[in-house]
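I opened a notebook for this structure today. I wanted to write down what I looked up, step by step.

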Amino acid sequence: MTESLSMIPPDNQIYIIIFSTIFLGGLMSTFVVAMVFIHRQRQAQSRQKMDQMQVEFEKTLRHVENEIHQETLTQIGRDLHDNIGQLLSLTKLNLNSSKPEKHLEARECVNEAIKEVRALSKTLNLDWVESLSLDEYIAQQLQRIQATGFCETSLQSDRSFAELKKEEKLVLIRVVQECLNNAIKHAQPDRIAIRISKNGRARHIEIEDNGQGFDTSKQSNGSGMYNLSKRMETIGGKFSLSSAVGKGTLVNLELPFSV
């Protein structure tokens, strides 16, 4: 190659060197431009994906808030009928009595009814979500279930979920609501137990019932379990379920600790 180059006149050698330099420079420039274009394209795709994830996250939260609101209204309707309705009926009976002590009981019933109405009015918006801890909410739900005489309930907690973002608490409240509703509607249990604990870098909520259970290998016509799983994913968590016919159901909600 050196001998071949030496046979070329000096002027031509200069032209070849200049041409080679320009060619290599152009090739390198093309490569750099292509890499920059690909990088920016990937950045744009990444931003678009992040925007889509954010939209889906906000959409899920709106659905969750709406469902919690609807569930709250349903609960208010039950309380109006079961608690306040009974208190007012008792008040009417006591007022119709000629005995002074019955009038005093009627006054006490009215005061109790007023307290119930005030308590219910506070649940009409979602402000209670921020003032109520997840443990307190779960305890209230279990207490209501047991008060109906439907089944026994229990709660064990190490308060691992004491610190939560609002969106995390909203999703967890809705998922717990749905799991309890499923147990009441389908499982026919004698006992519902909830355990809250931490394990390494994650926190867990276990919801267990001793109801009739079901065969998890059979496809369900509904999308309830899939929706619960997707909702846990929106806050970086996991949803898992194990069940067998005649052996009850165990639901595990896992949420990593915030970094």
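My entries follow below.

**Entry 1: confidence**

I noted first that this is a predicted model. I looked up the mean pLDDT of the protein chain, and it is 82. I also saw that 88% of the residues reach 70 or more. Where is confidence lowest, and where is it highest? I found the lowest mean, 51, in helix 1 (residues 2-6). The highest is 97, in strand 1 (residues 152-157).

**Entry 2: the overall layout**

I looked up the secondary structure of the protein chain and found 7 helices and 5 strands. Along the sequence, I read the pattern α-α-α-α-α-β-α-β-β-α-β-β. I then checked burial. Of the 259 residues in the protein chain, 29% count as buried.

**Entry 3: helix 5**

Which residues of helix 5 are buried? I listed Leu134, Asp135, Tyr137, Ile138, Gln141, Leu142 and Ile145. Seen down the axis of helix 5, these buried residues fall within an arc of 165°, so they line one face of the helix. I turned to the other side of helix 5 and found Gln143 and Ala147 exposed there. I also looked just past the end. Just after helix 5, Gly149 takes a positive phi of about 80°.

**Entry 4: a nonpolar patch**

I searched the surface and found a nonpolar patch of about 560 Å². I wrote down its residues: Phe31, Val32, Met35, Val36, Phe37 and Ile38. I looked up one of them, Val36, and it is found in helix 2 (residues 10-95). Is Val36 buried, partly exposed or exposed? I read 37% relative accessibility for Val36, so it counts as partly exposed.

I looked up the salt bridges, and the count comes to 6. I began with Arg174 and Glu178, whose closest N and O atoms are 3.0 Å apart. Both residues lie in helix 6 (residues 166-187). They are 4 residues apart, which is about one turn of the helix. Arg174, at 9%, counts as buried, while Glu178, at 22%, counts as partly exposed. The cut-off explains this, because buried means under 20%.

**Entry 5: a salt bridge network**

I went on to Arg195 and Glu206, whose side chains meet in a salt bridge at 3.0 Å, N to O. Arg195 lies in strand 2 (residues 191-199) and Glu206 in strand 3 (residues 202-209), so the pair ties together parts that are 11 residues apart in sequence. I read 25% relative accessibility for Arg195, which counts as partly exposed. Glu206 is partly exposed as well, at 26%.

I then found that Glu208 and Arg195 also meet in a salt bridge, at 2.9 Å, N to O. Glu208 lies in strand 3 and Arg195 in strand 2, so this pair ties together parts that are 13 residues apart in sequence. I noted 26% relative accessibility for Glu208, which makes it partly exposed.

Which residues do these shared partners join into one network? I wrote down Arg195, Glu206 and Glu208.

Technical notes:
Residues numbered from 1 in each chain as written. Heavy atoms only, no water. pLDDT = per-residue confidence, 0-100. Helix = DSSP H or I, 4+ residues; strand = E, 2+ residues; numbered from the N terminus. Buried < 20%, exposed > 50% of the residue type's maximum accessible area, 1.4 Å probe, protein only. Arc of directions from axis to C-beta. Patch = residues over 30% accessible without salt bridge, like charges linked within 9 Å, V, L, I, M, F, W, Y side chains within 5 Å. Areas by Shrake-Rupley, 256 points an atom, 1.4 Å probe, with all protein chains shown as cover. Salt bridge = Lys/Arg side-chain N within 4 Å of Asp/Glu carboxyl O.
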